[in-house]
Amino acid sequence: MVFPRTGEGRSTSALGRAVVADALRAVDPVGARSAEHETNWRHGYLGHFRRLVEAGLPSRDAALTIARDGLASLHSRMRVLGDDGRETGLDEVFADPAGHEPLCTATVTGEGPVERELSLPYRGRRLRGDDLLRQLDAWVTAGVVEPSCAEAVRAVHAHPDWLDLRDQRVVVLGAGAEMGPLPSLLRWGADVVAVDLPRPEIWRRVLQTTRRHGGRLLLPVRPGADTDGDAALAAAAGADLLHRLPQVADWLRGVEGRLVLGNYVYADGATNVRVATAVDALTGHLQRHREDVALAFLATPTDVFAVPADAVRHADRAYAARGPARRALRVLSGGRLLHRNYPPEADPGINDSLVPQQGPNYALAKRLQRWRATVARDAGSTVSFTVAPPTRTRSVVRNRALAAAYAGAHRFGIEIFEPATSNTLMAAVLVHDLRTGGGPALAHPWQDEAYAAAHGGLWRVPYAPRSALGLAVLLGLGGARA
């Protein structure tokens with residue numbers, strides 16, 4: 001999977017400009033031209049990704065058109081480079097899987113207990129029962145999660161039988177991801193189909209997790225490889241979505257039972273767009289060949305979302321109650337710092353939490369997932385799409401500026417989650433969505449995206465997130481170093 005050749009070489013910026021412009025063209029031709037003529041995409045992409053959301057707000061059809069046209073543009077532009085050096089279109093990637101032996105399946109059954117009670121690791125404790133319900137209430141009061149998120153988790157708590165997912169085959173693409181649901185699903189006794197890179201260190205961790213819990217793991221292995229013992233199995237396991245996509249597709253087509261395709265992949269830089277495109281191509285292929293495919297996504301909170309009027313009112317109340325020091329800081333900065341999150345009484349509001357340091361490739365990869373969720377839901381598929389909380393993952397703490405911003409975020413009412421808390425909370429929402437057909441039927445795609453969001457407070461704080469980002473970095477530098 002490679003970027004198309006242009007006059008700039010295989011340019012990620014050229015692709016980003018073109019895809020955003022194509023997505024906007026039918027509903028916002030002025031926005032499309034603006035994206036096409038952006039001369040500094042690396043820093044100027046922020047406004048164009050916001051415009052993708054704004055242009056879709058007038059109607060459901062507008063949002064669907066943007067999603068469909070964005071997907072079509074990416075699929076028509078991205079290329080596949082064969083082992084022989086021949087370059088073809090993305091649509092041809094599944095045409096000829098010959099030349100590589102098919103993947104085999106290894107099955108590992110956990111040796112631990114199966115839990116049938118929802119519990120949540122949080123700040124050194126494991127919350128159950130009333131303690132869990134009180135924490136959900138506290139998060140709603142503080143504006144850390146949307147009320148619909150708390151309601152979804154409460155429903156799972158009230159129906160512990162929902163945790164038994166043995167009637168599903170949950171595919172976890174990115175099985176070793178910190179934000180993925182694999183540990184929780186195995187704890188609840190599910191059958192998990194795991195896909196990740198053929199790197200023994202990833203599979204050693206996954207196998208250790210499997211052994212501790214009561215679920216069952218199905219994983220791809222090289223044909224003819226020695227799989228006797230976990231060390232040999234870790235060395236033989238894995239499948240590279242970028243380079244062996246047809247083989248992964250054929251393997252997943254053969255998995256028995258209802259398939260839930262969970263997208264939890266991540267890579268640094270431009271590779272993130274490549275792997276996101278590969279997963280999207282895989283998604284479309286499986287949907288064409290199986291009628292039972294449900295989809296699951298975790299959205300990043302550091303993106304642009306339309307948010308409900310209740311979140312706007314919450315932020316407005318906090319803005320009106322801000323202290324004199326912060327009022328003065330806004331005046332002294334000439335309005336550049338700590339400006340209000342939303343215009344008064346906006347409905348819906350636009351929460352712009354894009355972080356420049358994450359870059360346009362990250363934004364495009366995540367937007368691609370949102371477009372696929374929108375199109376699939378409209379076509380009648382069961383879709384679990386949830387905004388996950390800001391989380392101290394390894395990829396975040398490697399970036400010094402982001403790590404510092406996260407360390408200082410609590411000063412502005414934003415809660416940063418630990419990975420174990422995030423992935424368990426999001427796994428509970430996934431269970432809710434699978435048991436309720438993807439959640440309630442809502443009128444507009446922006447409402448689907450806002451449903452059950454656990455944004456950490458970004459939607460309900462008084463200040464537009466980027467206007468507080470620099471201060472959060474300064475305040476958090478000491479904590480980040482620690």
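In this predicted model, strand β6 (residues 168–173), helix α7 (residues 182–187) and strand β7 (residues 191–195) form a β-α-β unit, and the unit is right-handed. The chain then carries on from β7 through helix α8 (residues 200–212) to strand β8, and this β-α-β crossover is right-handed too.

So how do the strands line up? β7 pairs with β6 and also with β8. Here are those two pairings side by side:

| Strand pair | Sense | Bridges |
|---|---|---|
| β6 (168–173) and β7 | parallel | four |
| β7 and β8 (216–221) | parallel | three |

Is β7 buried or exposed? Five of its five residues are buried. Both of its faces are covered: Asp191, Val193 and Val195 sit on one side, while Val192 and Ala194 sit on the other.

Leu241 belongs to the largest nonpolar core, which has 96 residues. Phe49, Leu241, Leu245, Leu252, Leu282 and Trp459 have the most contacts inside that core. At least three of the core's residues come from domain 1 (5–92), and at least three from domain 2 (104–310 + 339–480). Apart from this core lies another one of 60 residues, including Val108, Leu233, Ala294 and Phe417.

Next, have a look at helix α6 (residues 147–158). Its twelve residues reach 16 Å from the first C-alpha to the last, close to the expected 16 Å. Its buried residues are Ser148, Cys149, Ala150, Ala152, Val153, Ala155 and Val156. What covers them includes α5 (129–142), α17 (419–435) and α18 (445–450).

Most residues other than glycine have a negative phi, and most peptide bonds are trans. Glu345 has a phi near 65 degrees, a positive value, and so does Ala452. Glu345 sits in the loop between α13 (324–332) and β12, whereas Ala452 is in the loop between α18 and α19 (465–481). Which of them is buried, and which is exposed? Glu345 is exposed, with a relative accessible area of 73%, but Ala452 is buried, at 1%.

The loop between α13 and β12 (349–352) also holds Pro348. A cis peptide bond joins Asp347 to Pro348, with omega about 0 degrees.

Conventions:
Residues numbered from 1 in each chain as written. Predicted model: local features only at pLDDT ≥ 70, side-chain atom pairs only at ≥ 80, totals over all residues. Heavy atoms only, no water. Core = buried A, V, L, I, M, F, W, Y, C linked by side-chain atoms within 4.5 Å. Buried < 20%, exposed > 50% of the residue type's maximum accessible area, 1.4 Å probe, protein only. Domains from an automatic or database assignment. Helix = DSSP H or I, 4+ residues; strand = E, 2+ residues; numbered from the N terminus. Expected span 1.5 Å × (residues − 1). Contact = heavy atoms within 4.5 Å. Pairing = 2+ DSSP bridges. Right-handed = clockwise from strand over helix to strand, strands pointing away.
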